[in-house]
Each structure stands twice: as C-alpha cells, then as structure tokens.
Amino acid sequence: MTAHLARIDLYPIKSLDGLTVQTAQVLPSGALQHDRALALFDTTGKFINGKRDARIHQVRSRFADDLAAVTVWTDEPSQTSTFPLQPHPDGLAQWLSTYFEQPVTLRHDSKIGFPDDTDSPGPTLISTATLQIIADWYGLSLVETRRRFRTNLEVAGVPAFWEDQLFSASDEPVPFRVGAVTFWGINPCQRCVVPTRNPQTGDSTKGFQKHFAAQRAATLPEGVARSRFNHFYRLAVNTRLAPDSAVTSLSIGDAITRL
C-alpha cells in the first residue's frame with residue numbers, strides 16, 4: 001500500500017473532544033478550518049486547557065455536523081446540555097464557568113485558530129502504525145492513545161515512525177504533498193503533560209514520560225536526525241502550508257508523497 005490519508009481529526013474547541021471528518025478545508029494560514037477555532041480563557045487571559053487544569057479531561061463534548069452547536073456533559077451522559085456556538089457561545093461559557101468555578105470566556109479565531117505552535121500552525125501529522133506501537137508500549141488501546149496525542153492527520157500504508165522523515169537535520173523544511181496540498185514538515189512535535197494522562201479521567205500514568213523518551217530514543221528510525229531531539233518526548237510532525245501550494249481541501253484516501 002502507498003502512503004495515504006486515513007483519518008482527519010478536528011478539535012473545534014481547544015482541549016475538548018475531537019471530531020472525525022471525511023474532508024477538511026485548508027485555510028490560507030495552513031491551519032485546518034474549525035480546528036481549535038475556539039479556546040477557553042480565564043480572567044487573566046490565560047488558556048484554560050489540559051496543561052493547566054486536569055479537570056478539563058472530564059468534560060465530554062459532541063458537536064453537531066455543521067458545528068453550529070455542541071453538547072457537553074461530565075459524569076452522566078444522560079445529563080447533557082446543548083449550546084449554540086454561533087453567533088456567540090455565551091451559554092457554553094456559563095456552563096464552563098460553573099464547572100471550573102471561575103469565570104470562563106471563549107474566544108474565536110477563524111483564520112489560524114489557537115494552535116500550540118503558532119509558527120507552524122498547519123495540521124500535525126502521524127502514522128496510525130506509530131500510534132499503535134506506542135499503545136503497545138503501555139498496554140493501551142489505539143483509541144485511547146489517539147485521544148492522548150490529539151493529532152490532526154493520520155497516515156496509513158506506512159510503517160511506524162514513517163513521519164520522522166518529514167523533518168531534516170537542519171532547519172530546512174521538508175516538502176510533502178497530501179492530495180493537492182503541499183505542506184512543509186518542520187520539526188518533531190514537543191509534547192506536554194496531556195498525553196501522560198487518561199483522556200477520560202485526567203489521572204496520570206506513572207512514569208509515562210520517562211518510559212516514552214527511552215522507547216522513542218531506542219526506536220528512532222535509522223537516518224533520522226537525532227540532533228532535532230533536545231529530548232525524546234517528541235512525537236508527530238509540525239507543519240506549515242508551503243507558500244506556493246494550492247489552498248484547497250484534504251480528503252480521506254488522498255495520496256501522501258514526500259517531494
């Protein structure tokens with residue numbers, strides 16, 4: 001099998017549950033439309049996210065197909081609340097304020113969203129085989145591992161860590177194409193505390209980061225620039241839209257080719 005796009009995940013509200021789609025529009029910024037377009041903020045203007053508050057892991061969310069509304073709940077799925085996201089998510093903000101016991105506001109950015117890496121706001125990319133081998137390191141399911149790492153694009157038809165070829169030993173970007181869209185692979189994505197936690201409960205997995213770094217160093221494919229790893233708690237590839245790329249959409253089944 002050749003490398004192809006097997007899965008697209010968007011996270012319409014940063015730090016909440018994702019949405020699997022068949023197609024995604026690429027914005028001129030390189031970000032995927034609707035991905036992390038909304039984010040939670042406290043009164044000081046800081047993010048309320050998994051890095052700062054583990055309670056967010058216990059908030060479940062389900063989005064309408066047109067992303068006009070979201071349904072949220074915590075412990076009991078029967079006790080759900082549905083709120084419109086357009087034109088203003090005020091009802092959701094109030095629900096979240098009650099849950100977090102502090103004022104919460106939601107901000108919207110339709111051009112770039114709120115990516116972790118604002119210098120490389122393109123979709124993060126990983127192979128399904130990579131996620132599966134990491135799941136095996138911890139005895140986790142593929143579904144849970146996917147939810148821990150929260151990447152946008154999954155590649156099938158390739159071996160584990162195939163995506164490590166999409167960054168270079170220098171700072172020079174590596175061009176690759178997904179369907180008709182050309183991206184630049186920039187660097188291996190530095191991970192935060194979020195993957196160390198159970199995505200359903202927020203409970204930490206003891207020794208997760210240390211074990212991950214040891215395994216990642218031991219399994220780094222031959223020829224991959226170790227110099228790009230100041231530590232080995234890195235996974236998936238950060239990307240940018242190539243300046244000369246067509247701005248169009250991605251679809252499941254699109255061929256993926258390193259240029």
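Among contacts (heavy atoms within 4.5 Å) in the protein between residues at least 6 apart in sequence, 69% join residues at least 24 apart. The structure is a predicted model, in which local features need pLDDT of at least 70 and side-chain atom pairs count only at pLDDT 80 or more, while totals for chains, interfaces and linings use all residues. Residues are numbered from 1 along each chain as its sequence is written, and side-chain values use heavy atoms, with hydrogens and water left out.

**Overall build**

- The protein has 4 helices and 15 strands; helices (H or I, at least four residues) and strands (E, at least two) are DSSP runs, numbered from the N terminus.
- The radius of gyration, taken over C-alpha atoms, is 18 Å, close to the 18 Å that the globule rule gives for 259 residues, so the protein is as compact as a globular protein of that length. The globule rule is 2.2 Å times the number of residues to the power 0.38.
- Along the principal axes, the C-alpha atoms fill a box of roughly 50 × 45 × 35 Å.
- Of the 259 residues, 52% count as buried. Buried means under 20% relative accessible area, exposed means over 50%, and partly exposed lies in between (1.4 Å probe, protein chains only).
- The accessible surface comes to about 12,000 Å², and 49% of that surface belongs to carbon and sulfur atoms. Accessible areas come from the Shrake-Rupley method with a 1.4 Å probe; for residues, only the protein chains shown count as cover.

**Helix H1 and the residue after it**

- The buried residues in H1 include Leu92, Ala93, Trp95, Leu96, Ser97 and Phe100.
- These buried residues of H1 pack against strand S4 (38-41), S6, S7 and S8.
- Just after H1, Glu101 takes a positive phi of about 60°.
- Glu101 lies in the loop between H1 and strand S8 (105-108), and with 68% relative accessibility Glu101 counts as exposed.

**Helices H2 and H3**

- The axes of helix H2 (residues 128-138) and helix H3 (residues 142-149) come within 9 Å and cross at roughly 105°. Axes are lines fitted to C-alpha atoms, for helices over the stretch in contact, and angles run from 0 to 180 degrees between N-to-C directions.
- H2 and H3 are therefore roughly perpendicular to each other. Angles of 65 to 115 degrees count as roughly perpendicular, under 35 as roughly parallel, over 145 as roughly antiparallel and the rest as oblique.
- On the H2 side the contact is made by Thr128, Leu131, Gln132, Ile134 and Ala135, and on the H3 side by Leu142, Thr145, Arg146 and Phe149.
- The residues of this contact divide into 5 nonpolar, 3 polar and 1 charged. Ala, Val, Leu, Ile, Met, Phe, Trp, Tyr, Cys and Pro count as nonpolar, Asp, Glu, Lys and Arg as charged, and the others, Gly among them, as polar.

**Backbone exceptions**

- Most residues other than glycine have a negative phi, and most peptide bonds are trans.
- The peptide bond from Gln86 to Pro87 is cis, with omega near 0°. Pro87 is found in the loop between strand S7 (81-84) and helix H1 (90-100).
- Leu67 is not a glycine, yet its phi is positive, near 60°.
- Leu67 is in the loop between strand S5 (60-63) and strand S6 (69-73), and at 10% relative accessibility Leu67 counts as buried.

**Phe167, a buried loop residue**

- Phe167 is found in the loop between strand S10 (153-156) and strand S11 (174-178).
- With a relative accessibility of 6%, Phe167 counts as buried.
- Leaving out residues up to four places away in sequence, Phe167 touches Val174, Gly185, Ile186, Asn187, Pro188, Val224, Ala225, Arg228, Phe229 and Val237.
- Phe167 and Ile186 are 19 residues apart along the chain, and their C-alpha atoms are separated by 5.4 Å.

- Ser249 lies in strand S14 (residues 249-251) and is partly exposed, with a relative accessible area of 30%.
- Apart from neighbours within four places in sequence, Ser249 is in contact with Ala24, Gln25, Val26, Val181 and Asp254.
- Ser249 and Gly179 are 70 residues apart in sequence and 8.3 Å apart in space, C-alpha to C-alpha.
- Asp119 is found in the loop between S8 and strand S9 (125-127), and at 60% relative accessibility Asp119 counts as exposed.
- The C-alpha atoms of Asp119 and Asn198 are separated by 29 Å, and these residues are 79 apart along the chain.
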